[in-house]
Amino acid sequence: MHETAIDRTPGFVLGDGTARFTVRSATATAVVLVLEARPAPDADPASAGQPTRYPLERVADSDLWVAETPGVRPGDRYHLLVDGPAGPRHDFDPARPLLDPAARGIVPADGGDGPRAPRWTSVVVDEAFDWGGVGKPRVPLDRAVVYEANVRTLTSANPHLPEPLRGTYAGIAHESTIAHLRRLGVTTLELLPVHAFDTERWLREAGRENAWGYNTLGFSAPHAAYASPEAQAAGASAVLREFKGMVRLLHEAGIQVVLDVVYNHTAEEGPGGPTTSLRGIDGANRYRWSPEDTSYDTTGCGNTLDTSVEATADLIVDSLVYWARDVQVDGFRFDLMAALARDAGHAFDPAHPLLDRIRNHPDLQDTLVVAEPWDVGPDGWRTGSFGDRTSEWNDGFRNTVRQFWLTDIADERRTGSPATGIGALAGALTGSREVFGTARGPLASINFVTAHDGFTLLDLVSYDGKHNEANGEDNRDGSNDNRSFNHGIEGDTADRGVRAARGRSMRNLLGTLMLSAGVPMITAGDERSRTQHGNNNAYVVSEDLTPVDWSDHEDAEAMTETIGALARLRAAHPALRPTRFGVEGQETPGASRMTWYGPDGNPMTLEGWDQPVHRALQYFAESTSDGEPADRVLVVVHGSGRTRDLTLPVRDDVAGYRLAWSSEKHRDHARLRPAGQVFTAYGPGIHVFEIA
């Protein structure tokens, strides 16, 4: 068979002619595709015949294995049997069923409960779907508001949904869920992993379940357990249709869909882990190895994909293209992306060929690319290193904002003096130029205060330390660097003073997030004051894994309205969402001109930036023309528990200031304050004035 006659598309290609199947392995010596026994259409399931075996032929001088597979149809279950050499980098077993790495359907296997019985099997799917002419919403990145959510916990407690739809793709597509997202001002829904995944073996043996999904079985199949029971019963094609239906309805509402994707490791774990696919097909070339032939892991999950091997990189790119082109998702957040950018010697390479392919592939040009810019390997913290057309989770923003509003306020209470001044927060407010550089601009920064891993927003202001006992690891897991503050009482309390102080701190954190240059990301449930009872690593299903609260509780409603108001304010003021960094002495369209004032209304002094005693500033931002009307705002920050009088700046081009939003409750928003008037800050707060 000649390579020129082979369709290199991985997995099945059905089309109008004879079906074909392709898989890649440079080290296998034999590959057999087994089409599992099935009954004839409309026949008794007990009438299923024998499995059909298709020996694959290796294309000369390549790693391609191919076969024509006549008679294959959607709904057919199949697996691979692969043989090859022995050795420390190989795990071949010609009797072990393996998943197709390109399978677009993965469901539980019917192979029994024996130790060698497979847990999962691949399924041929029907790709047909009517998109109804609905295209991808085009959301300019400066207008994006990202909402990170887990499919299960987002809607599992939504009383507006029929019970079977709660915690499913269909539940997210429900009008009540979409209405909630729109109320918040969300433009972009980022889903925690929805690729087919498994629970780690040690968790299963302990009777636990993976709650997040960072343990991938297959890169091109939606996780079937997140579909409605009706779709699951109908099979993998129905699961895929439900997923596509979710995407279409979100797009109709103008909401983008971004997938959190885990291409850095798989569910095959470390040595002795379950061999379900890649390890048994070509483990020597899919995973990283040390010179001593031991697993080289930079993910902390037992294995790391070797993206320096072209075929491994192809597997990732093929998956991305499928989701972006065929399933119409709008972007990808890459888990531990530093692991994907390591070369053959395991060193991080900012010019890695895979990164270049992701940025420049013609089918990925309109996708949002977001990096989690680190891994756990040598030199693994790489925030600011991922270059053009990539935005990055900005952990420095998170740490700075938490420090300023929480641990510094705690220090002030305990010692009378906070640890830091205002300078670091000013850098975070204006887009973290020192991290991403002038050329990349502020939209390289995905700003966040909380994420799925770590405290929820309510827990961040309610606990000084983590409480992860429910995870079964004696509270050893999870970060100890939380920069949290319990405001005097650990955990839940009925104390009104403590609850009020916590509410103000939450508004300060959210206000800073939504008013800063860059792209804000909210964590699902923070708008409803969701708690995990102090668990900052709720990756397993336990009593700490609480769903989003859909009740009409007063605190939840107030926080939801706070985020919605901040989103509307951000949308109305381009000065708060610049697309570029300004350059001194130049007019830069899309940048915001910044003038900094001290608490006395005079230009900020050098002394005022970094001394802990000076924790107040006024930030006058003016947009420059880039297709939107000219805009000006004044942002006032006061980072102390003490009351302080601040003088609003006097400028020839300002008649007065009108308060548009404040983290303090019960402020007067109606009256116009003349320049030079005193504005009293009653404790820590952030305030936004529109300019007259």
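Tutor: What follows takes these topics in turn.

Tutor: This is a predicted model: local features need pLDDT of at least 70, side-chain atom pairs count only at pLDDT 80 or more, and totals for chains, interfaces and linings use all residues. Residues are numbered from 1 along each chain as its sequence is written, and side-chain values use heavy atoms, with hydrogens and water left out.

Student: In which order do the six strands of the open sheet lie?

Tutor: Helices (H or I, at least four residues) and strands (E, at least two) are DSSP runs, numbered from the N terminus. Two strands pair if DSSP finds at least two bridges between them. Here the order is E19-E20-E21-E26-E23-E24, with antiparallel pairing. Strand E19 (592-597) and strand E24 (672-674) are the edges, each pairing on one side only. Neighbouring strands of this sheet are turned against each other by 30° on average, direction ignored.

Student: How many bridges join E19 and E20?

Tutor: Six, in the antiparallel sense; E20 covers residues 616-623. Within E20, Glu622 is the bridge partner of Arg593.

Student: Which helix lies across strands E23 and E26?

Tutor: Helix H15 (residues 554-572) does, running at about 140° to E23 (656-662). The other strand, E26, spans 685-691. Axes are lines fitted to C-alpha atoms, for helices over the stretch in contact, and angles run from 0 to 180 degrees between N-to-C directions.

Student: How do H14 and H15 cross?

Tutor: Their axes come within 10 Å and cross at roughly 25°. H14 and H15 are therefore roughly parallel to each other (the term covers angles under 35 degrees). H14 passes H15 in a right-handed crossing: the near helix is turned clockwise from the far one by less than a right angle.

Student: Which residues meet there?

Tutor: Contact means heavy atoms within 4.5 Å. From H14 the list includes Arg499, Met506 and Leu510, and from H15 it includes Asp555, Ile563 and Leu566. By class, the contact of H14 with H15 has nine nonpolar, three polar and four charged residues. Ala, Val, Leu, Ile, Met, Phe, Trp, Tyr, Cys and Pro count as nonpolar, Asp, Glu, Lys and Arg as charged, and the others, Gly among them, as polar.

Student: At what angle do H8 and H9 cross?

Tutor: Roughly 25°, with the axes of H8 (residues 310-326) and H9 (residues 353-360) coming within 11 Å. That makes H8 roughly parallel to H9. H8 passes H9 in a right-handed crossing. Among the residues making the contact are Ala313, Ile316 and Leu320 of H8 and Leu354 and Ile358 of H9. The residues of the contact of H8 with H9 divide into six nonpolar, no polar and three charged.

Student: Is strand E3 largely enclosed or open?

Tutor: Buried means under 20% relative accessible area, exposed over 50%, partly exposed in between (1.4 Å probe, protein chains only). Five of the six residues of E3 (residues 30-35) are buried, so E3 is largely enclosed by the rest of the structure. Six bridges join E3 to antiparallel strand E7 (residues 77-83). Four bridges join E3, also antiparallel, to strand E4 (residues 52-55). Val34 has His79 as its bridge partner in E7 and stands opposite Arg53 in E4.

Student: Is Ser529 buried or exposed?

Tutor: Ser529 is buried, at 18%. Its phi is positive too, near 55°. Ser529 sits in the loop between strand E18 (519-523) and H15.

Technical notes:
Parallel < 35°, antiparallel > 145°, perpendicular 65-115°, else oblique.
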